[in-house]
Amino acid sequence: MAGERAETIVEEREEFMVPITADANPVQRTAYFIKPTLDFINQQSLFRPPPLSAPFTDFKLGEWPLKLVFTGWIDPPKNWKIWVEQMHSSYQSIWKKSGIYEAIIGSTYRTRRNYDLFLSLAERWCPFTNSFVFPWGEATITMEDVMVLGGFSVTGEPVSKPLETTELVNIEEQMEKSLELGTKVSNHRGWMKQFMGEGSEFEHVAFLSLWLSRYVFGQKLQNTIGGDLFSVAIHLAHGTRLALGPAVLASIYRDLSLLKGTIMDSLELLMNGRDNEFFSLTLQAPLRLVQVWAWERFPGLRPVPNAMNYGEPRIARWHGSKMLVIEDVRMVLDSAQDTFQWRPYATPTGNWPFPKFYPEKEEWMVIYPHSDQELQSFAQCLRVCELVGIDCLELYLPHRVAMQFGIDQDLPCTVTRFFRNPETAWSSNYSKLIWNKKLYVPARLFEADVTTRYLAWWKQSAGNPQADFTGILRKPRSSRRCRRSPWGSTIKKEVAANDDAEVPPGFPPKHKMTNPKTSESYLSCSMGKKEGNDADFPPGFEPKSKLIHCLEKIMQNEGVPGDPANAIGSGKYTSCSDVYSTREMNENEAQQKSYRAVEIPGLELELRISRLERVIADMKAERLAAYSTSIRK
């Protein structure tokens, strides 16, 4: 409406800032932060960073008792590139309209899998924040990465959009009949043989169905066609732009969390000397994007990139690249503070053009529905929201990794999930129009900093003494700085029938932390669960029941969340973005009340989880040391 004041997506204020890479004197300047932001806190210990990885270094990466099946990370089949070229001449304009052109072209490139790198990243994944936690800070794969590396659109209709006309429904029925012909057609090779070069009206839909099943939303059974994806393929074939980006990212977050949980279970097998058992896990997300994300950002781990031709997607840089031989991948990840590339896409790369949200000078602009598609997409990348996938729902928290967008980092607010239903999460959250929003776009070469309190907060968590900030200076914000050097140095375990059996008092049950549709369906089984919680413990070790009893005492001593008598502290918080406003609020009320997401109970729970994980890690380390000593004797 005319005369309305534009709401900001990024907050602007004066702060004392310091580089995250090294100890330096703070500088007071105008800084920019992704909402939701925090005004102040009385006790910084209340806002703990996510816990660092468990002590995995005693085990080599190749020793993990894991059998991983990647159904969403498969090399292109024979003749796939030929089929893409055949369809390209007739349908490239539709692909561009649907927002899938680069993603389809990108599927013709091969990405060699580096297991050591991928597992090292998974070890550092935190399911509570959907981020990788390193000793030097947090980072994660964001919607910008999915958009730039994967070529997926982050704007458009939901992937669950129904078919609304008789014509489209009839096409879906024909596809389903083809799938019912049997295994000769349901596998990828048979599907291509059936439809490739057919020239019928169904060939394009069949082509997109295979592309979706193989490269976007992998199936539980490898090399099969997903019948539930026919409606998605039909919409795309008719030029409907679907928001595949958030759905893809949700599946990546889901699979990384499943893998991290399985790694923790595998740690128990290794510590107990049960070498004849292993876990089997099927990962369906296009996880090659995670590896390419790491290559883009960790110079010490990347192979030599390819030269790009004009018009090629970004992922072409890594097509068929040979693996570097890295002696200790974990060490490279954990010591990358000075070399991590927060904004790799801001660096000139051959014939790859910069997106419009990489201007030479910083800009403020107002986003409207008719604004440029790339700028709307960048605005969407900065919004805290819930990602709606095919069969999962995940939190997206860009305010925790603001420096990846060239924006300064402050203490991140804890965000409470309000939507459990995908339809509600989409309509009331993700798809809210970015209308009359004031967007800050940083300069392409600007390197963001962190607030002094963020740095102290992180160092406190890592066990380092807090730096004494002296000699405070004040200078204007520069849109260009000297770039830092880019260089630096067959038995399967069953899922327990009752997942909540061993959850300590005061913690949410496991079924509330992972989507019930995914937590059981991806972890395959065949051996049978343990007969009791204390089974298979080495001689001389305390049974698990005593460990749980000990943990219960710890939790009881910490108080009950929400009890004023046990409150750890209090703080004043800003009411920030409009993501979680209720329907009853008018627009002014929503702006003031909608992001009351930083609540003492939730933060206290996060603190308790962090303490608990550290206690468990210490106990496991002591048990492992004692067990090793007993073996030597």
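**View 1. E296 sits in helix 11 (residues 288–297).** This is a predicted model, in which local features need pLDDT of at least 70 and side-chain atom pairs count only at pLDDT 80 or more, while totals for chains, interfaces and linings use all residues. Residues are numbered from 1 along each chain as its sequence is written, and side-chain values use heavy atoms, with hydrogens and water left out. Helices here are DSSP runs (H or I, at least four residues), as are strands (E, at least two), numbered from the N terminus. With a relative accessible area of 1%, E296 is buried (buried is under 20% relative accessible area, exposed over 50%, partly exposed in between, using a 1.4 Å probe and protein chains only). Its side chain makes a polar contact of 2.8 Å with the side chain of R314. A polar contact is a pair of N or O atoms within 3.5 Å; within protein, one must be able to donate a hydrogen and the other to accept it, and residues adjacent in sequence count only if both atoms are side-chain atoms. Leaving aside neighbours within four places in sequence, E296 also touches other residues, including L149, R302, W318 and Q341 (contact means heavy atoms within 4.5 Å). R343 is 47 residues away along the chain from E296, yet their C-alpha atoms are separated by 9.0 Å.

**View 2. Helix 11 is mostly covered.** Of its 10 residues, 10 are buried; among them are W293, W295 and E296. What do the buried residues of helix 11 pack against? Their partners are helix 2 (101–106), helix 3 (115–123), strand 7 (131–134), strand 8 (137–139), helix 4 (143–150) and helix 10 (244–271).

**View 3. Q341 lies in the loop between helix 12 (329–334) and strand 10 (363–367).** Q341 counts as buried, at 14% relative accessibility. The Q341 side chain reaches over to the backbone oxygen of T339, at 2.8 Å.

**View 4. Helix 3 and helix 10 cross at roughly 85°.** Their axes come within 9 Å; axes are lines fitted to C-alpha atoms, for helices over the stretch in contact, and angles run from 0 to 180 degrees between N-to-C directions. That makes helix 3 roughly perpendicular to helix 10 (angles under 35 degrees count as roughly parallel, over 145 as roughly antiparallel, 65 to 115 as roughly perpendicular and the rest as oblique). Helix 3 brings F118, L119, A122 and E123 to the contact, and helix 10 brings L256, L259, K260 and I263.

**View 5. Helix 5 (residues 166–179) packs with helix 9 (residues 230–237) at an angle of about 130°.** Here the axes are 10 Å apart, and the two helices are oblique to each other. On the helix 5 side, the contact is made by L168, I171, E172, M175, E176 and L179; on the helix 9 side, by F230, S231 and I234.

**View 6. K35 and P36 are joined by a cis peptide bond.** Omega is about 5°, and P36 is found in the loop between strand 3 (27–34) and strand 4 (38–41). For background, most peptide bonds are trans, and most residues other than glycine have a negative phi.

**View 7. N79 has a positive phi, near 75°.** This residue is in the loop between strand 5 (66–70) and helix 1 (80–98). N79 is partly exposed, at 36% relative accessible area. N130 also has a positive phi, near 50°, but N130 counts as buried at 5% relative accessibility.
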